[in-house]
Amino acid sequence: MKFIKALAIAAGLCALSVAAEAKTQVVWWDFLSGGDGVRMKAMIQKFNAENPDIEIQPTTLEWGVPFYTKVQTSAAVGQGPDVMTYHLSRLPLGVSTGVLRPYSMDELKAVGLSESDYFPTDWDAAHVDGKLYGVPLDIHSIILYYNKDALKAAGLLGDDGLPKGLDGLDNFNAALKKLTGGKTQYGLSFATAEHGTIWRIFYTMLSQQSGDFLKDNKILDGDNLQKAEKATSAMADWVAKGYAPKLTEYPASIALFTSGKAAFHINGVWEVPTMVDLAKNNKLGFDWGAIQIPTLFDHPATWADSHSFAIPDRKGNPVSKEKVDAVMKVIAWMNKNSIMWASAGHIPAYKPVTETAEYQKMQPNATYSSLAKTAVFDPKSKIAGVASPVYEATANYIQPAVNGQLAPADAVQQMRDELQGDLK
Amino acid sequence: MKIRLSFVDLLISLLTIIVAATWVFPLYWTVVTTLKPEYEVVAPGVHLLPENPTLAGYIFVLDHTIIGQWYVNSLVTAGTVTFLVILLSAGCAYAISQLNFPGRRLLYGIIVASFMVPIPALIVSHFVLMNDFGLINRWGGIILPQLISPIAVMVYKQFFDAIPKEFREAAVVDGAGEFNIFLRIFVPMTWGVTAALAIYTFILTWNNFLWPFLVATSDTSMTVPVGIVQVHEAFGVQYARNLAGAVLAALPVAAAYLIFQRRVTEAVMLSAGIKG
Amino acid sequence: MNTADVASPRRRPLRREAADNRTTIARRSGALPVLVFVAPFVIAYCVLFLYPTLNMIELSFTDAPLIGAGKWIGWRNYQRLLGDRLFTESVVHTLYFVALTVVPNTALGLIFAMMVVRLKGWLQSIVLACFFLPYILPSSVVTLLWGWMLDFQFGIAQYPISWIVGSRVSVFRDPIWAMPMVAFVTIWWTNGFNVLLFIAGLRNISPELYDAAAVDGAGRWRQFRSITWPLVWPVTVLVLTFQLIIQLKIFDQVYLLTQGGPFNSTYVVVQYIYKQAFTLNKGGYGATVALFLFAMIAVLSVIQLQILRTREAK
């Protein structure tokens, strides 16, 4: 019968692919796309070429909730990858649902990695209850991309090629006003329809006021609520006054900057390769630069998170020792070669690489690498991190407030009430 | 009066054609977009035909995704489900229609009532069950929960009931057993129904999204409709490529419909309980 | 015409013949043939249908995660359901979606069918294919297609939108537009099915009735009201019932177009089952929501059937 024949052919094909296995295959899941994705694919190819006995088989899934849901359901049924990228901000949540497998210090030692190789804040964020669950790869943050030509025409560019007069919210808004209308349509573009972007800017502004989002198990307690409202109003103001476009998708917000229609662009460091590649191919049409987010409030601070490598805790089918050894070799190689990853705009988590001359010369990284000193990570809680109740609340409350669909005071209050309820 | 009527008729017919063309325009527009190079896709203005037609989008999808593997998964699962549904339903309907056994009416009643049970409501139980069988992320896991088709049983029973009893009586007199009667008389006489139901079931199973989406935990087990929206390649938003993947996903079922148009429409009406 | 076979299983004109078939060989029905024919289906049915349904009921009384056992917690999941704001919202959204699709989809199906029936030959085949082809496509293809058509930056449908509204609209990010647009995409996708059914119904109306009415001087509208509408009513009932049951189960289009957003304004019940059971790993609570969906569909279908029956009796 036709179907048995089809089954036989399919089985034969599977057998063929299995027979070709002489090297250890590492199944790798990540959520890296865009400029990040291109760089990581190149790194994986380089690894496979340099290490003939290990082959990384990568799959890229959709960033955010879809990725983390798939990881969770797979681990629960004993399936899933051997290694995956995982945001450090989400470690508490991941560990609480039993998805992650802790590393032992011996496993790190066997490939020449140790605590002293990493920045203290990063190393701390990689631990839950004293155990290491993610080996950091990078620290990434948001920066202010700017159009040098547009700023020069508006008299906002210093002789060193850096923007001037942006510190302080009033000064920043005045600059935006100057740059809106005319040759550049918008003073500033950012993804007003994407909750991740909104959370990052919100948290940056809150931290610049020395505000605490979550402390002593209380969300936005005391005057932190007003600080949150101030941050939300600042963003809502930009949209209401027309300095920034409403309800704009992530790719569209980048397109506005790269086509010269927006003078400033706030986005993650991971879009640096996009700008670099466009400039190299003469497709940008203007000189660009990037600096740390200006101090709009009391003191400098920027939101930061970290990509790390994690091994899933697969129920009933744990990752074998042979695979773990291969994974550790992969992780070590990735860390030691993270200068390649730095070209994606990230700050390598592996200290030895950041101390090399080659890294310290890298542009535009060198211009904004100072942000690492005042970087603030997400609160360490199982309601926080990527694809968590905090991110969801941002999408449901802060995002509509920014786009003028909800009053900022109501937004922060409802956000607080909902998250406080989740904490119980 | 006659002339005036035909003019109105002509107008309505023209309107019908215009409406139909507008209705199907999105399909045309999608296919045209997949044949354009990316810079033409994002160029301002509306260009109904590609100026520099290219297959680059399709080539990219074929080279950079495992759509071939997804095709195999879809073909195997849809084919197996179709085969088993026809087999199980025809057999059960034959017994209910032709054989006398206790609980016959109760069984049929339960089958008819289950038509209203929403399959999406069972996803949690099905997932747990497939895990117990160790079939998560495998063809079996995708296939099994899709095997229940109360409608197929109802349709077959209707047609088996309609076969004149003389055929059966003659066979019985000749000493034929039940299997023979089923295979030699009832199956051939309802071959049209079988063809229609088979093609329709194949199309519906191919198109199923929710269940394969849940069960395929790794990308090598996904079916085509699931794969094209789940796996993101490192090329960001490239419209021609994404749509090329969509076209490739729809090609088999669209072809099945266009070739077997009559059978599919027949199956649709059968499954609604309409003869006509 | 057995158009009401599904709606009222009692009308079975062939029953007597079927009974005769059986009585002639009643003595010969051994257990073996019956078992062989019936057992595979019944076993599959019990394992894949009855058991999961019962299991779901049991799960709803526990706090089990998706995989693994849980403790018995009695009615706690149900109590939680009553106070769950997102759940209530998802029910409201589902009903809103049903209101946006069931009647318009049926009405449009009838209108298109009446238009198609007038054509003849190959022209009719082509036009019918135009309406039916969308129904053949997988849901993910439909959503990719319309995502492209309605793309805020480059979508061709933004031209008519900006012409009507005055500016481009990011339809799936706007809480007012999102659900109606999902409904619109759904209607485009599934309307062909209704058109087909209505064509069959219309073809069953004898043309002599229209000729006689025309001779009597009845205009088009009068003909529709007195002949077409009443005679196509059984099909209308069928289509409305189908539509109701199908649209209450919606998941694919919402998940793929809006993921329940913006700001949860398009969250529907099946998606809530998915979120609770698969994303938040609460199998027991997810089963409770699923049972509610089950009950909601049953109750609404029965209510609708009763309403339609009483209208028919009038």
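Analyst: The largest nonpolar core holds 288 residues, and the members that touch the most others are Leu188(A), Val124(B), Leu197(C) and Ile273(C). Helix 8 of chain C, residues 178-203, gives the most to this core, with 16 residues. Leaving aside residues up to four places away in sequence, Ile273(C) touches Ile123(B) and Val124(B) in chain B, and Gly286(C), Val289(C), Ala290(C) and Leu293(C) in chain C. Val124(B), one of these partners, is itself among the core members with the most contacts to other members.

This is a predicted model, with an ipTM of 0.88 and a pTM of 0.84. For chain C, the average pLDDT is 85, and 89% of the residues score at least 70. Residues 1-28 of chain C are another matter: pLDDT stays under 50 there, and the model has 35 contacts for this stretch beyond four places in sequence.

The contact between chains B and C comes next. It takes 82 residues from chain B and 82 residues from chain C. On the chain B side, helix 1 (residues 2-34) of chain B supplies the largest share, 13 residues. By class, that side of chain B has 55 nonpolar, 20 polar and seven charged residues.

Chain B itself is divided into domain 1, residues 2-58, and domain 2, residues 59-271. The C-alpha centres of these two domains of chain B lie 33 Å apart. Where the domains meet, eleven residues of domain 1 of chain B are in contact with 13 residues of domain 2 of chain B. On the domain 1 side, the elements of chain B that give two or more residues are helix 1, helix 2 (38-41) and helix 3 (56-64). Helix 1 of chain B has the largest share of that side, with four residues. The domain 1 side of chain B divides into five nonpolar, four polar and two charged residues.

Chain A, which brings Leu188(A) to the core, has 19 helices and 17 strands. Its C-alpha atoms fill a box of roughly 70 × 55 × 55 Å along the principal axes. A compact globule of 424 residues would have a radius of gyration near 22 Å, and chain A, at 23 Å, agrees with that. Buried residues make up 50% of the 424 residues in chain A. Of the contacts in chain A between residues at least 6 apart in sequence, 79% join residues at least 24 apart.

Chain A is also divided in two: domain 1 covers 23-137 + 306-368, and domain 2 covers 142-301 + 388-423. The C-alpha centres of the two domains of chain A lie 28 Å apart. Their contact takes 14 residues from domain 1 of chain A and twelve residues from domain 2 of chain A. On the domain 1 side, helix 2 (34-50) and helix 17 (365-368) of chain A are the elements that give two or more residues. Helix 2 of chain A provides the largest share, five residues. By class, the domain 1 side of chain A has five nonpolar, six polar and three charged residues.

How values were computed
Residues are numbered from 1 along each chain as its sequence is written. Chains are lettered from A and ligands numbered from 1 in the order in which they are written. This is a predicted model: local features need pLDDT of at least 70, side-chain atom pairs count only at pLDDT 80 or more; totals for chains, interfaces and linings use all residues. pLDDT is the predictor's confidence in each residue, from 0 to 100. Two residues are in contact if their C-beta atoms, placed from the backbone, lie within 7 Å. The radius of gyration is taken over C-alpha atoms; the globule rule is 2.2 Å times the number of residues to the power 0.38. A residue is buried if 20 or more other C-beta atoms lie within 10 Å of its own, exposed if 12 or fewer, and partly exposed in between; C-beta atoms are placed from the backbone. A nonpolar core is a set of buried Ala, Val, Leu, Ile, Met, Phe, Trp, Tyr and Cys residues joined through C-beta atoms within 7 Å. Ala, Val, Leu, Ile, Met, Phe, Trp, Tyr, Cys and Pro count as nonpolar, Asp, Glu, Lys and Arg as charged, and the others, Gly among them, as polar. Domain bounds come from an automatic or database domain assignment.
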